[in-house]
Amino acid sequence: LEAPLEIRAFQISGLNSSQMIENAILLKEAKCVPLFVDPQKLILNWVSGYMEKGKITTISSVHESGYLKRLTQAINTGQPVLLEVDEKLDVEILQDLLKKNYFSVESQNYVKVGKQVVMVHEKFHLYLFTLKQRPRFPPKFFEMMQILDCAYTNQGLEEILLSMIARTERGDGDLKRKSLHESLLDNLRELQKAERKMITFLQDEELISSERISLNLIQTKKLSDEIKNRLKDLAVIETELENQRNLYRPAVKRITGLFSLIQDLHKLD
């Protein structure tokens with residue numbers, strides 16, 4: 001679904017488990033408004049910090065006084081919004097916004113919110129979320145939204161806890177690994193550009209015999225060597241950190257088992 005470079009960028013940004021990366025990909029590719037089921041605020045913190053760079057408005061409830069006024073102001077000014085919803089949300093008021101039923105007047109998009117028509121800024125994004133573990137949304141919710149379940153799974157919780165331990169116990173190694181990952185990502189992007197440039201040269205008969213193609217080959221070889229060296233350094237650090245993580249894995253498994261038990265206590269009569 002997503003390019004390897006994008007997935008590597010997600011990992012560097014703090015998404016520790018495959019579940020979180022899958023949700024990030026689904027979010028990026030979603031054609032409709034996303035609704036996060038996120039009791040631990042894992043993806044919410046990532047959206048706020050990584051995707052929107054901290055420039056986001058949070059509306060804690062659709063029952064909050066004046067929430068529609070704050071929402072329409074954000075739509076108009078291009079301020080991204082995190083809006084907490086529950087099963088009692090009046091979908092009719094936000095129906096056109098959720099379905100992105102915009103209409104255009106002189107190349108400008110507008111949308112109806114309740115009884116009000118609002119100009120839609122091109123930078124406006126809406127993210128819905130609930131902190132409930134098992135919300136009971138009516139079927140019509142699924143027609144309008146991309147629902148993403150971000151609640152912990154045992155495996156996801158294990159990976160997150162082990163990453164936290166690695167940062168605490170081997171903070172220097174974790175920082176070095178992150179730095180190598182970032183450098184490697186930059187090199188891979190440069191290599192990708194060089195490869196695309198080479199394809200362009202090869203498609204042009206006049207450029208095939210020029211010096212530019214030789215220079216591009218030299219640059220590509222240099223980048224390739226740098227990537228190989230960084231991969232070797234990264235493999236050494238990854239092995240050290242994984243050995244460190246494995247020391248704590250039995251304890252982490254007990255913690256995740258206890259977490260699951262607590263989560264299921266509500267089922268007892």
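Q: At what angle do the axes of α1 and α2 cross, and is α1 parallel or oblique to α2?
A: In this predicted model, the axes of α1 and α2 come within 10 Å of each other and cross at roughly 120°. Angles over 145 degrees would count as roughly antiparallel, and 65 to 115 as roughly perpendicular.

Q: Is the crossing of α1 and α2 left-handed or right-handed?
A: The handedness describes how α1 passes α2. For this pair of helices the crossing is right-handed.

Q: Which residues of α3 are buried, and which elements do they pack against?
A: Helix α3 covers residues 42-51, and its buried residues are L42, I43, L44, W46, V47 and S48. A residue counts as buried under 20% relative accessible area. The packing partners of these buried residues are α1, α2, β1, β3, β7 and α7.

Q: Which residue with a positive phi follows α3?
A: The phi of this residue is positive, near 55°. The residue that follows α3 is K53.

Q: Which strands stand at the edges of the open sheet of three strands, and why is one side of each without a neighbour?
A: The strand order is β4-β5-β6, with antiparallel pairing, and the twist averages 40° from one strand to the next. Each edge strand has a single partner strand, so one side of each is left without a neighbour in the sheet. The edge strands are β4 (103-105) and β6 (116-119).

Q: How many bridges join β5 to β6, and what is the bridge partner of V111?
A: Strand β5 spans residues 108-113 and runs antiparallel to β6, to which four bridges join it. In β6, the bridge partner of V111 is V118.

Q: Which helix lies across β5 and β6, and at what angle does this helix run to β6?
A: The helix spans residues 67-77 and is α4. Its angle to β6 is about 35°.

Q: Are α4 and α5 parallel or antiparallel, and which residues of α5 meet α4?
A: The helices α4 and α5 pack at an angle of about 10°, with their axes 13 Å apart. They are therefore roughly parallel to each other. The contact residues divide into seven nonpolar, no polar and no charged. On the α4 side they are Y67, L68, L71 and I75, and on the α5 side I93, L94 and L97.

Definitions and conventions
Residues are numbered from 1 along each chain as its sequence is written. This is a predicted model: local features need pLDDT of at least 70, side-chain atom pairs count only at pLDDT 80 or more; totals for chains, interfaces and linings use all residues. Side-chain values use heavy atoms; hydrogens and water are left out. Buried means under 20% relative accessible area, exposed over 50%, partly exposed in between (1.4 Å probe, protein chains only). Helices (H or I, at least four residues) and strands (E, at least two) are DSSP runs, numbered from the N terminus. Contact means heavy atoms within 4.5 Å. Axes are lines fitted to C-alpha atoms, for helices over the stretch in contact, and angles run from 0 to 180 degrees between N-to-C directions. A crossing is left-handed if the near helix is turned anticlockwise from the far one by less than a right angle, and right-handed if clockwise. Two strands pair if DSSP finds at least two bridges between them. Angles under 35 degrees count as roughly parallel, over 145 as roughly antiparallel, 65 to 115 as roughly perpendicular and the rest as oblique. Ala, Val, Leu, Ile, Met, Phe, Trp, Tyr, Cys and Pro count as nonpolar, Asp, Glu, Lys and Arg as charged, and the others, Gly among them, as polar.
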